Amino acid sequence: MSNTLRISIDGKEKEAQAGDSILQAHLKGDETVTANIGCMGQGVCGACRCLVRKEGERETATRLACETLAEEGMQVSFMDYYQPARVSRYGLEDIRDGWEWMKHLRDVFPEASNCRHCSGCDRACPKGITVQEGIALASRGELQAAAEVFDACIMCNLCTLACPENIRPNHVGLFLRRAHAAQTLRPGDLLRRLDQQRRGELAIDLSAVPTAQGERA
Amino acid sequence: MDKLNQVLLKPAIQVGADLFAWMQQGGTQGLATALDAPQTLIQRIADADLRGMGGAGFPTARKWEAAAQAAGSEKYVVCNGNEDEPGTFKDRTLLSRTPHQVIEGALIAALAIRACHVIFYLNPHQQGSLREMRRAVAQWQDSPWLEKVAKAVGQPVDLQVVPSSGRYIGGEETAVVASLEGGFPFPRKKPPFPAESGVRGCPTLINNTETLAKVSHIIRHGADWYRALGVGAASGTKLYSLSGDVMAPGLYELPMGTSLHDLIYRYGGGMLEGKAFKAVFTGGPSNTLLTRKDLDVALDFDSVRERQSRLGTGAMIVISEGSSIIRKVAEYIGFFAKGSCGQCPSCKCGTFQLARLLERVDSGRHSPADLAALRHLCQILPGSGRCGLIDGAVTVVQSSLHTFPQEYGIAATAD
Amino acid sequence: MTQATTAIPHAEALARLASGATPTLRKSGLSRELLLERYHPDHAPAAAATLQIGANAGERCHPTLAELLQANALIDGFDLAGAEQLSTDVLVIGGGGAGAAAALTAASHGADVIMACKLRLGDSNTVMAEGGIQAALGRDDSPQRHFEDTLRGGHYRADPLLVAQLASDAPDAIRWLIELGMHFDVTDAATDGGTLRYKQAGGCTQPRILSYRDYTGLEMMRVLRETVELDPAIRLLNRCPAVELLSHDDGSCAGAVLFDLEYQRFVVVSARSVILATGGCGRLHLQGFPTSNHYGATADGLVLAYRLGAKLRDLDSFQYHPTGIAFPSRLAGGLISEAARSCGAWLINGLGERFIDELAPRDVVTAAILRECADGRGIERDGRIGVFLDTPRLARQWPEGIEHHLPALAHLAAKCGIDPATEPMLVYPTLHYQNGGVVIDGEGRSTVPGLLCAGEVSGGIHGRNRLMGNALLDIIAFGRRAGQRAAEDIGKRPLRRGDIEHVYSWQRTLVQSGLPRQARAPRLYPGPGHYPLHRNERSLA
């Protein structure tokens with residue numbers, strides 16, 4: 001079949017059809033996959049991180065296998081989930097005090113100010129996030145802008161792995177995003193509803209059996 | 001032991017930063033000879049078959065030629081003293097004990113290519129080197145020699161000591177350039193090579209410390225004298241950094257082409273008591289392992305290459321039977337991972353995954369699929385970086401797979 | 001898959017659609033009840049089996065699930081010899097939103113927690129559930145309406161007590177998520193902190209879906225994961241699937257046996273309480289259907305609970321989402337959100353006809369699509385069959401609507417290599433949700449003491465059909481309830497090493513019932529099942 005192409009994954013030769021993702025090709029075979037796999041194409045879980053080298057190219061790029069099409073002669077190595085051995089913890093109280101965000105950011109992520117601007121994080125990100133800029137913004141105190149840079153981050157930890165200064169950029173981004181929500185999000189409708197419930201209003205009448213039309217019987 | 005420490009490490013010339021003492025030992029005679037006929041220098045270096053001692057073994061004269069031919073009136077000579085790879089400890093010895101032979105060599109190089117800036121790029125973690133070199137350079141600046149060199153070059157010549165970042169990656173040629181321009185030592189894509197376009201776009205000759213240290217002796221005593229120092233076709237002497245499970249680890253200057261066996265057993269006192277020789281990681285340590293069948297190899301660039309390995313910096317890390325090759329390899333991979341500059345994700349990510357797989361193998365919990373994955377990584381990583389760091393990391397893994405398959409639990413492949 | 005042998009070629013159907021004639025809505029000719037009975041996968045002959053052993057013996061169950069529920073255990077007693085021993089107050093099994101909510105809540109109530117994840121923490125359906133979460137906050141809305149909508153949506157088969165808790169817990173669940181740092185879309189942010197933005201969901205009398213952009217589940221899961229990872233009271237074990245539960249002499253739950261894939265060894269976790277949060281079973285591909293589910297959705301929790309004696313319910317009821325991607329095959333089963341239909345996109349068969357009210361309940365729309373395909377009116381493209389989701393018409397009526405209001409759809413279409421403004425997407429129902437599960441009380445307790453459940457593994461909250469946005473709510477509301485209950489039970493439950501006595505009695509029952517003892521479960525991972533659970537790499541297939 002002319003549509004069949006060969007691709008090499010972790011040392012195993014696989015046959016794929018044109019249009020298959022790397023992940024689909026990976027799943028063909030008699031070995032059960034027990035890691036580095038997740039949402040199977042949606043591109044939101046960040047589990048299927050891999051190094052991809054296209055035939056005839058020197059560059060070996062970081063990609064998500066479920067979002068990358070298999071190509072003839074492609075070589076793929078999956079990467080384990082990277083978690084740094086030591087991380088400094090922070091608590092919810094740290095993200096709630098907006099006046100101290102800069103201090104907390106510095107305490108929890110002291111490396112963030114050491115960025116050497118190598119752009120490795122930008123290159124590593126499979127989602128095209130401008131990670132390095134986000135860290136620069138955070139270091140300058142432009143926390144909201146920094147948080148927004150990481151809005152679509154899927155936390156695959158590739159930038160954390162790629163960073164030679166151990167900055168953990170995606171976690172900086174998440175810290176700022178969480179801090180912003182926890183500190184500023186106070187929707188009026190939710191406050192009102194919670195208050196009504198606190199006062200014992202709006203208890204549910206279990207006996208009110210609804211009908212198919214949505215009206216009570 | 002008569003062949004030991006004949007030139008660079010000759011006890012008599014270890015005079016430290018005292019220029020007068022250096023001159024009493026014949027110092028500056030090489031420079032004086034060079035000043036008589038600067039245009040012949042490159043040919044003399046070529047005749048001596050001097051090679052780059054930083055690991056590549058590239059003919060020094062060709063590099064000088066490229067820098068001499070390159071257009072531009074402002075040129076640099078950089079003495080690379082960043083030395084930071086595991087098992088290598090030669091340059092720091094030269095810089096701290098015999099700074100003048102390094103400086104004299106660098107000035108001769110400046111004469112040869114007509115450079116007006118001479119920079120000593122030194123690892124700040126080696127405080128002794130930095131201190132002695134600063135003192136030594138100050139003495140040259142006060143001496144009439146600099147004026148003579150300037151006259152020959154046709155413009156003022158300045159000498160500077162510049163601390164490097166102290167990072168492993170900072171020793172890579174293009175990283176040296178980046179660092180001297182004031183930035184982080186990020187390696188750059190080649191070409192252009194620094195000899196054509198280096199510091200701030202100027203032609204820049206970057207030589208290893210040991211390479212430059214040899215220059216004054218060659219000019220003073222002649223190419224024939226230098227060639228005759230070597231064994232067989234090999235030329236001159238070499239500093240070997242011997243470490244690991246031997247009785248007398250240390251730095252040995254021996255004729256280029258001395259056999260590995262002689263280095264370990266004749267000069268290095270043999271293996272630690274009760275230990276048997278197993279393998280050598282050559283410096284450093286991004287090369288193919290040498291094993292028992294390689295004990296007869298002549299330690300010169302070409303002979304070691306015939307064994308599919310490299311002489312590298314001349315570092316020989318000796319491993320004895322009973323030590324885990326995989327653990328050692330994993331340790332070096334960790335070193336490379338830490339040394340990665342960050343620019344190329346394949347370097348950080350590749351070393352991480354190599355380390356993960358090696359850890360599984362080392363603890364005996366790996367599957368055949370892990371081994372296949374390890375081999376596959378060794379295929380897709382080389383060439384993917386701007387510099388050779390990832391290539392070196394892969395080489396050492398691949399070599400251990402090839403040389404000690406039984407440690408990976410796989411049957412040996414036919415050689 | 002019950003696909004027709006005949007279908008209309010894609011090019012032909014496309015040409016018909018492009019002709020510009022306004023499609024007419026064909027009369028169904030079948031009542032909704034008949035449509036469901038004849039075409040919904042739950043009613044297919046291939047979907048019917050009866051359980052022979054266990055707490056639900058004699059009850060109806062999907063045959064694929066029944067095979068797993070009545071299978072032998074993966075381990076024997078000797079596997080526990082030399083296993084690593086851990087102990088904790090609360091063991092949470094499952095790394096999705098329900099597990100995270102349970103673990104965090106148990107920890108905040110003073111419990112020591114071990115959280116065991118089959119893949120990684122966060123690898124779950126939660127991260128993929130981007131539509132939103134229900135909470136009745138609007139002025140014209142109330143928990144009562146939410147309760148009633150949910151009950152009706154589930155065909156009145158849900159447990160009203162659980163539904164009432166679901167609806168009344170919702171506002172505080174949202175508050176809790178915000179406190180952890182989760183974002184929600186707001187309107188009028190400038191005034192008084194704004195109001196949360198509500199979206200409409202099928203089957204709801206009020207718009208009450210709260211969301212964060214197109215990736216509510218991603219936002220929820222990344223916040224939950226970070227919180228769990230930073231919580232010193234929670235010990236996280238990734239790549240440690242639970243292979244069996246442990247029991248005390250009285251039949252109560254005593255912990256679980258995990259298999260640590262990284263270190264290739266069994267781990268025995270003794271716990272005062274176990275919270276199962278293992279999710280659903282889409283990856284069983286019931287009746288060959290594609291699935292929108294995560295790779296790990298293999299019904300493990302149901303199998304473990306059932307073997308220990310827990311009562312289950314509604315084991316023959318599954319949600320097949322009407323609009324899964326049918327083409328290209330690499331994305332087959334992936335979800336196209338209900339939003340496209342609620343914005344007015346029609347479903348068109350190969351003859352260029354509409355055939356169903358697109359906003360009818362999910363099960364009805366699904367049955368209608370399957371009917372078209374079964375009767376040869378489906379559309380075939382490169383061997384994949386489905387019907388059109390007519391986005392070009394939507395684009396003509398509402399220029400820029402897709403780009404601005406349905407960015408997820410636009411993104412998905414781009415992944416499919418399709419411009420939704422000019423080309424319709426091919427859709428086919430996809431296995432989406434396990435409506436039933438382990439019977440629980442209002443605090444997540446199963447019928448087995450010491451065993452609690454939260455999330456998709458539990459049953460009774462959604463009846464026989466789940467509304468959009470109630471799954472994300474369910475995992476938080478009942479995850480928190482189960483976590484709190486387990487923490488409060490610390491003083492009442494023993495911390496002693498259990499055993500697998502229940503496995504031996506199960507094996508006796510298997511023999512007595514003439515059931516095969518070779519079949520083993522849980523599945524743990526889709527695929528051929530040749531992973532080395534035992535040192536000697538004994539095959540589990």
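A:Asp195 counts as partly exposed because its relative accessibility is 28%, where buried means under 20% relative accessible area, exposed over 50%, and partly exposed in between, with a 1.4 Å probe and protein chains only. Before I go on, please keep in mind that this is a predicted model, in which local features need pLDDT of at least 70 and side-chain atom pairs count only at pLDDT 80 or more, while totals for chains, interfaces and linings use all residues. Residues are numbered from 1 along each chain as its sequence is written, chains are lettered from A and ligands numbered from 1 in the order in which they are written, and side-chain values use heavy atoms, with hydrogens and water left out.

Which residue does A:Asp195 meet in a salt bridge? The partner is A:Arg198, at 3.0 Å from N to O, a salt bridge being a side-chain nitrogen of Lys or Arg within 4 Å of a carboxyl oxygen of Asp or Glu. Both residues lie in helix 9 of chain A (residues 188–198), three residues apart, which is about one turn of the helix; helices here are DSSP runs of H or I with at least four residues, strands are runs of E with at least two, and both are numbered from the N terminus. A:Arg198, for its part, is exposed, with a relative accessible area of 59%.

Let me turn to a second pair in chain A. A:Asp151 forms a salt bridge with A:Arg177, and their closest N and O atoms are 3.5 Å apart. This pair links distant parts of the chain, 26 residues apart, with A:Asp151 in the loop between helix 6 (143–149) and helix 7 (158–162), and A:Arg177 in helix 8 (residues 169–184). Are these two residues buried or exposed? Both A:Asp151 and A:Arg177 are buried.

In chain B, the side chains of B:Lys190 and B:Glu173 meet in a salt bridge of 3.9 Å, N to O. They too belong to distant parts of their chain, 17 residues apart, with B:Glu173 in helix 9 (173–180) and B:Lys190 in the loop between that helix and strand 4 (204–208). B:Lys190 is partly exposed at 36% relative accessibility, whereas B:Glu173, with a relative accessible area of 17%, is buried. Salt bridges that share partners also join residues of several chains into one network, among them A:Asp80, B:Arg356 and C:Glu262.

How many salt bridges does a search of the whole structure find? Over all chains, the search finds 75.
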